[in-house]
Each structure stands twice: as structure tokens, then as C-alpha cells.
Amino acid sequence: LPIPNSLFDIAIFCLSLMGTNYVDFLKEAYRTLKPKGELRIAEVVSRFSDIDAFIEVLAEIGFKFVKMFATTCKLNNNSGYIP
């Protein structure tokens with residue numbers, strides 16, 4: 001689908017930056033976000049060998065880093081369900 005520039009208020013990447021061309025995905029998000037639009041990323045930290053380098057890539061594309069939230073989730077009694 002051809003998506004116009006500056007169409008979206010927010011772009012969300014949830015476990016979708018696994019490919020080797022993830023920078024292309026981020027550039028496309030930047031292109032399609034409105035000025036002052038937000039990019040939210042929910043990704044496994046171990047995906048990136050150097051978080052600071054990843055943040056630098058975001059800055060080079062044009063994004064302004066605001067905050068990183070680190071969360072963990074434990075399974076309840078190994079049941080496979082998240083409480």
C-alpha cells in the first residue's frame with residue numbers, strides 16, 4: 001500500500017524489528033508519522049547488542065529519544081499464563 005507522508009499520529013513496533021533491515025522499517029515510520037508524531041517500540045532488550053547504538057540510529061533517522069521503560073514478566077507457577 002502506498003502510504004502518504006505524515007499520515008499517522010503514532011506508530012507502534014511490537015516485536016517487529018527482528019529483520020536485518022529494521023532500519024528501513026524505522027525510516028518508513030518516520031516518513032509516515034506526522035510532525036510531533038510518536039514512535040513506540042516494544043522489543044526484547046536482548047534483540048540489540050548495544051542499546052545506545054540503537055538509540056543513536058533512531059536519532060540519525062530523526063527521532064527524539066524520550067524514555068525507555070524496562071519491564072519483566074514472570075510466569076505464575078510455571079503455568080504458562082501471565083498473572
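**View 1. Glu38 and Arg40 meet in a salt bridge.** The closest N and O atoms of Glu38 and Arg40 are 2.6 Å apart, where a salt bridge is a side-chain nitrogen of Lys or Arg within 4 Å of a carboxyl oxygen of Asp or Glu. Glu38 is partly exposed at 37% relative accessible area, and Arg40 is partly exposed at 48%. Here, buried means under 20% relative accessible area, exposed means over 50%, and partly exposed lies in between, with a 1.4 Å probe and protein chains only. Please keep in mind that this is a predicted model, in which local features need pLDDT of at least 70, side-chain atom pairs count only at pLDDT 80 or more, and totals for chains, interfaces and linings use all residues. Residues are numbered from 1 along each chain as its sequence is written, and side-chain values use heavy atoms, with hydrogens and water left out.

**View 2. A salt bridge joins Lys34 to Asp9.** The structure holds three salt bridges, and in this one the N to O distance is 3.3 Å. Lys34 belongs to strand β2 and Asp9 to strand β1, so the pair ties together parts that are 25 residues apart in sequence. Helices (H or I, at least four residues) and strands (E, at least two) are DSSP runs, numbered from the N terminus. The two partners fall into separate accessibility classes: Lys34 is partly exposed at 33%, while Asp9 is exposed at 52%.

View 3. Not counting residues up to four places away in sequence, Thr32 touches Ile3, Pro4, Ser6, Leu7 and Phe8, contact meaning heavy atoms within 4.5 Å.

**View 4. Ser6 and Leu15 each have a positive phi.** Ser6, one of the residues that Thr32 touches, has a phi near 55°. Ser6 is in the segment before β1 (8-14) and is partly exposed, at 35% relative accessible area. Leu15 has a phi of about 55° although it is not a glycine. Leu15 is found in the loop between β1 and α1 (22-32), where it is partly exposed at 49% relative accessibility. As background, most residues other than glycine have a negative phi.

**View 5. The largest nonpolar core has 14 residues.** A nonpolar core is a set of buried Ala, Val, Leu, Ile, Met, Phe, Trp, Tyr and Cys residues joined through side-chain atoms within 4.5 Å. The members that touch the most others are Leu17, Leu26, Leu39, Phe54 and Phe63. At least two residues of this core come from each of β1, α1, β2 (33-42) and α2 (51-61). The largest share, four residues, is supplied by α2. For a closer look, centre on Leu26: leaving aside its neighbours within four places in sequence, Leu26 contacts Phe13, Leu17, Leu39, Ile41, Phe54, Leu58, Ile61 and Phe63. In soluble globular proteins, nonpolar side chains tend to be buried together.

**View 6. Tyr22 and Phe48 make an edge-to-face aromatic pair.** Rings of Phe, Tyr and Trp (its six-membered ring) pair if their centres lie within 6.5 Å; planes under 30 degrees apart count as stacked, over 60 as edge-to-face and the rest as tilted. The count by this rule comes to four aromatic pairs. In this one, the ring centres are 5.9 Å apart and the planes stand at 75°. The pair links distant parts of the chain, with Tyr22 in helix α1 and Phe48 in the loop between β2 and α2, 26 residues apart. Tyr22 is buried at 17% relative accessibility, and Phe48 is buried at 11%.

**View 7. Tyr30 and Phe63 make an edge-to-face pair.** The centres of these rings are 5.1 Å apart, with 85° between the planes. Tyr30 is in helix α1 and Phe63 in the segment after α2, 33 residues apart, so here too the pair links distant parts of the chain. Tyr30 is partly exposed at 39%, whereas Phe63 is buried at 14%.

**View 8. Tyr22, Phe48 and Phe54 form one aromatic cluster.** Phe54 is also one of the core residues that touch the most other members.
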